Protein chains: 2
Amino acid sequence: MDFTFLGTSAGTPTRSRNVTALALSHSGQKPWYLVDCGEGTQHQLLRAHYSVMQLRAIFITHIHGDHTFGLPGLLTSASMLGRTEPLDIIAPVQTHHFITATLENSDSSLGYALNFIDSEAPDFCWQNQDFRVTNVALSHRVPCRAYVFTERNIERQLLQDKLNEDGIEPGPGWGELQKGNDVTLEDGRRLRSDDYTQTPRVARRLIVAGDNDDPTLLTDACKGSHALIHEATYTQDVADRVGPWPQHSSAEQVARFAQQAQLPGLVLTHFSSRYQSAPGSTPNINQLAAEAMQHYKGQLFLARDFDTYRLEKDLSLMCLTT
Amino acid sequence: MDFTFLGTSAGTPTRSRNVTALALSHSGQKPWYLVDCGEGTQHQLLRAHYSVMQLRAIFITHIHGDHTFGLPGLLTSASMLGRTEPLDIIAPVQTHHFITATLENSDSSLGYALNFIDSEAPDFCWQNQDFRVTNVALSHRVPCRAYVFTERNIERQLLQDKLNEDGIEPGPGWGELQKGNDVTLEDGRRLRSDDYTQTPRVARRLIVAGDNDDPTLLTDACKGSHALIHEATYTQDVADRVGPWPQHSSAEQVARFAQQAQLPGLVLTHFSSRYQSAPGSTPNINQLAAEAMQHYKGQLFLARDFDTYRLEKDLSLMCLTT
């Protein structure tokens, strides 16, 4: 599972960080999935290696503009580039209204269908051949979700000894069983794939959270998850000074939670534009890193625009672009 | 009068050209005015020297997304940065609907007032201390306007001989007359500024046109204008191949018109993304320049993102960033 940050700034873009968007894929770059779509996401994609022609679904965490204002441009550009495949948009109902009103009032028509799916529906679940996606309600100024991506269709291994014991000859049937399909033999016997195969590893699971001031809401979801992408808008001292209203998390708060939840991997993002990257400038992005490291002992990363990460089959998390 | 191109690509952004926006100022960079606001305009402003705090008005030529989708992000970022000054938005009514629906459906509130002004109103005219702005209906797939910016309050020169002849002593009254204010003397005489001052030069006039397939609609407006910014989406051969539907102009078409109208200065922009800038790549942006030069003998420029131009008081047009 690969993911690339297309924007890592909170609220407003800076010269080095765009507002929020994340590209995610199961293997390679097609198909791929987008989580949030701040203004300029289509511009960032011109510098990344994901094509809107191969985009399968967009997941929106919440309605705020720094997570949604790139949608109209991305959708209409995809149409101008010739996209015809339908596109699922999983988002709050208000984001559907925003898109519809924008297309209507800009003389825009798309050459493909949009399937709007309400992300706030009870028991929300979306899946295709790559992922099963559920979500978790977070705590923010507006309803907001974390999306939990669990990979599907893990490669199976044939239980050859058992096949031989049961007198099942090698042939096309073995291939079908390995693909997960049940098979009926010529002699009428019905073979279940699950009885003759095993999956050699656990399914990888990644949580992509939206804006949130209470990471503990992810406690249950983190069981069996291998990495969490979560906002860390402020250092704790700034969070204390700003006060509770914006309903964001501090680096300390997220790190403490991840440590307690025994999460193997944590990627922080969505940094207030006050934190600068240039060495020596203050407040500095390194302060967020230092604060998080004090409280979390797992694999910790601070996202930068265009950084690509890989969650390997062995569940290790690595940044491919350092 | 200075103007900076913030986007020069038609329809979709490229790696080197954003979609349409133009920053314009009378002198210096405050206050300034924005014509069109494609997605990513606020990002381009991070690299230019215009601040949203000093933005006085936004003029929208037409409702298409590549001229408007940057509005919500720019407006909300200005609010987050602390803007409190009201802002005039001169645009078609549908753009007002787009902005309103977007703000409503993204939990956005602005810390300043938006004054919506209908650009399609008959006898449209907007003015302040810097400019008088009128507009001209163009020919495009949707109603579209060219904005005509005429500078106001040109510096006056005192007619000192006449003041002496009429026995008017030097004093604060002279200063008021020079500022354009009428004055009443202690002896009750009423002096009109126009009678005792002259303006030593003509008012500069610049036309910023939106998308348009019939430049001759600007014939009247061009009389007394010193420069025209106009789209040239295609070379003529491509325009012929594409056919009339998109309702854009070719470089040849605009150049022929500008020559016939005896326009002193012409800046072409809004180029189809098929035209590349890298030397040797085809189709190339230089083909548009070559085609226009064949038919127009005035001062010709092809805009690039972040190019800044100056229309001098002597009416010469120069690019400050070559």
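Chain B puts 36 residues in contact (heavy atoms within 4.5 Å) with 36 residues of chain A. The model is predicted: local features need pLDDT of at least 70, side-chain atom pairs count only at pLDDT 80 or more, and totals for chains, interfaces and linings use all residues. Residues are numbered from 1 along each chain as its sequence is written, chains are lettered from A and ligands numbered from 1 in the order written, and side-chain values use heavy atoms, leaving out hydrogens and water.

**The interface between chains B and A**

About 2,900 Å² is buried between the two chains, with carbon and sulfur atoms giving 56%. Buried area here is the accessible area (1.4 Å probe) that two parts lose on being put together, summed over both. On the chain B side, B:Glu39, B:Phe69 and B:Asn105 lose the most area to chain A, together 24% of what that side buries.

The helices α1 (41–45), α2 (71–80) and α3 (93–104) of chain B each supply at least two residues of the side that touches chain A. Helices are DSSP runs (H or I, at least four residues) and strands likewise (E, at least two), numbered from the N terminus. By class, that side of chain B has ten nonpolar, 20 polar and six charged residues. Ala, Val, Leu, Ile, Met, Phe, Trp, Tyr, Cys and Pro count as nonpolar, Asp, Glu, Lys and Arg as charged, and the others, Gly among them, as polar.

Salt bridges between chain B and chain A number zero. A salt bridge is a side-chain nitrogen of Lys or Arg within 4 Å of a carboxyl oxygen of Asp or Glu. Polar contacts link 14 residue pairs, both at pLDDT 80 or more. A polar contact is a pair of N or O atoms within 3.5 Å; within protein, one must be able to donate a hydrogen and the other to accept it, and residues adjacent in sequence count only if both atoms are side-chain atoms.

UniProt lists A:Asp66 for "active site" in an unreviewed entry. Such annotations may be inferred rather than shown by experiment. A:Asp66 sits in the loop between β4 (55–59) and α2 (71–80). Beyond its neighbours within four places in sequence, A:Asp66 contacts A:Ala10, A:Gly11, A:Val19, A:Thr20, A:Gly38 and A:His270.

A:Asp194 lies in helix α6 (residues 193–196). Its C-alpha atom is separated by 35 Å from that of A:Gly298, 104 residues along the chain.

Buried means under 20% relative accessible area, exposed over 50%, partly exposed in between (1.4 Å probe, protein chains only).

| Residue | Relative accessible area | Polar partner of the side chain |
| A:Asp194 | 47%, partly exposed | A:Arg156 side chain, 2.9 Å |
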